[in-house]
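Trainee: Could you go through this model with me before I set anything up? I would like to start with how to read it.

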Amino acid sequence: MKIEVWSDYVCPFCYIGKRRLEEALASFPHRDKVEVEFKSFELDPHANYPKDASIHEILGKKYGTTFEEGKKMNDNMARQAETVGLTFNFDTAIPANTFLAHRFAKFAEIKGKAPELTERLLLAYFTESKDINDINTLVELAEEVGLNRLETEKMLQSSDFEQDVRADEEEARAIGVQGVPFFVLNRKYAISGAQPTEVFVGALEKVWEEENPKPTFTSLNGNEGAVCTDEGCEPPK
């Protein structure tokens with residue numbers, strides 16, 4: 001089974017949704033047969049905020065309200081994050097354009113480090129208040145997940161993987177993705193948003209059962225014959 005996840009690194013519900021999917025997979029008996037691939041999606045492709053800008057103020061302006069209301073919304077999201085073991089530090093978060101981070105993730109993918117880097121970027125932004133649009137910061141994260149520092153820095157200073165990011169975003173538009181997180185299971189079912197863990201559990205079970213149907217048989221005899229089970233043997237009925 002393949003699960004494709006359109007997501008952004010500054011999207012709080014993307015991190016929460018990731019955890020809920022992971023919770024569902026932890027209890028799924030066929031989790032070793034499931035591949036999860038994260039795909040690029042920029043919530044604000046034109047983001048260009050000062051590094052000292054407040055996330056609360058940015059959110060407030062986005063919804064046409066105040067700094068205080070923006071903080072209330074962020075505090076609510078932080079409480080939701082706590083329910084899945086995450087810590088969101090919006091007071092010190094550094095707003096960032098995520099195009100560079102998405103290119104970095106594509107580089108990590110070909111190096112076999114995509115899962116580790118995806119988690120590391122989300123943690124860096126939401127919990128550690130790191131600037132994920134800063135090359136020096138990303139190079140440090142690269143080393144932490146086992147990527148070569150010099151190779152990473154060279155890639156980040158180039159235009160490599162730009163088209164890969166754009167291809168993901170074009171695909172999102174083509175299939176009608178309006179917001180993230182957006183989960184696609186086996187190119188057949190979609191889950192929009194950070195749904196409760198039980199929704200993911202149900203989806204995993206449904207897709208697995210459809211893709212791996214149990215055989216059904218038609219009995220050719222009217223009565224049950226003599227059988228033996230682990231509880232003993234019974235005569236014909």
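Predicted model: local features only at pLDDT ≥ 70, side-chain atom pairs only at ≥ 80, totals over all residues.

Trainee: OK, what's the strand order in the open sheet?

Mentor: The four strands run in the order 2-1-3-4, with mixed pairing; strands here are DSSP runs of E with at least two residues, helices are runs of H or I with at least four residues, and both are numbered from the N terminus. Strand 2 and strand 4 (189-192) are the edge strands, each pairing on one side only, where pairing requires that DSSP finds at least two bridges between two strands. From one strand to the next the twist averages 20 degrees.

Trainee: And in what sense do strands 3 and 4 pair?

Mentor: Strand 3 (residues 182-185) and strand 4 are antiparallel, with four bridges between them. Leucine 185, for instance, has tyrosine 189 of strand 4 as its bridge partner.

Trainee: Switching to helix 5, what span does it reach?

Mentor: Helix 5 covers residues 114-126, and its 13 residues reach 18 Å from the first C-alpha to the last, close to the expected 18 Å, that expectation being 1.5 Å times one less than the number of residues.

Trainee: Which of the residues in helix 5 are buried?

Mentor: They are Leu117, Thr118, Arg120, Leu121, Leu122, Ala124, Tyr125 and Phe126, where buried means under 20% relative accessible area, exposed means over 50%, and partly exposed lies in between, using a 1.4 Å probe and protein chains only. What covers these residues includes helix 1 (12-26), strand 2 (35-40), helix 2 (55-62), helix 4 (99-110) and helix 6 (135-144).

Trainee: Now aspartate 168, is that one buried or exposed?

Mentor: Aspartate 168, which is found in helix 8 (residues 162-174), is buried, at a relative accessible area of 6%.

Trainee: So what does aspartate 168 touch?

Mentor: Leaving out residues up to four places away in sequence, aspartate 168 touches Trp6, Lys39, Ser40 and Lys106, a contact being heavy atoms within 4.5 Å. The aspartate 168 side chain also reaches the backbone nitrogen of serine 40 at 2.9 Å.

Trainee: How many salt bridges turn up in the whole structure?

Mentor: The search finds 27, counting a side-chain nitrogen of Lys or Arg within 4 Å of a carboxyl oxygen of Asp or Glu. Some are linked in a network made up of Lys2, Glu4, Glu37, Lys39, Lys106, Glu109, Asp168, Glu171 and Arg187.

Trainee: Where do glutamate 109 and lysine 106 lie?

Mentor: Both lie in helix 4, three residues apart, about one turn of the helix, and the closest N and O atoms of their salt bridge are 3.9 Å apart. Lysine 106 counts as buried at 9% relative accessibility, whereas glutamate 109 is partly exposed at 36%. As background, an α-helix has 3.6 residues a turn, so residues three or four places apart point the same way.

Trainee: And which residue does glutamate 143 form a salt bridge with?

Mentor: Glutamate 143 forms one with arginine 149, the closest N and O atoms being 2.8 Å apart. Glutamate 143 counts as partly exposed at 44% relative accessibility, and arginine 149 counts as partly exposed at 36%.

Technical notes: Residues numbered from 1 in each chain as written. Heavy atoms only, no water. Polar contact = N/O pair within 3.5 Å; in protein donor to acceptor, adjacent residues only side chain to side chain. Axes fitted to C-alpha atoms, helices over the stretch in contact; angles between N-to-C directions.
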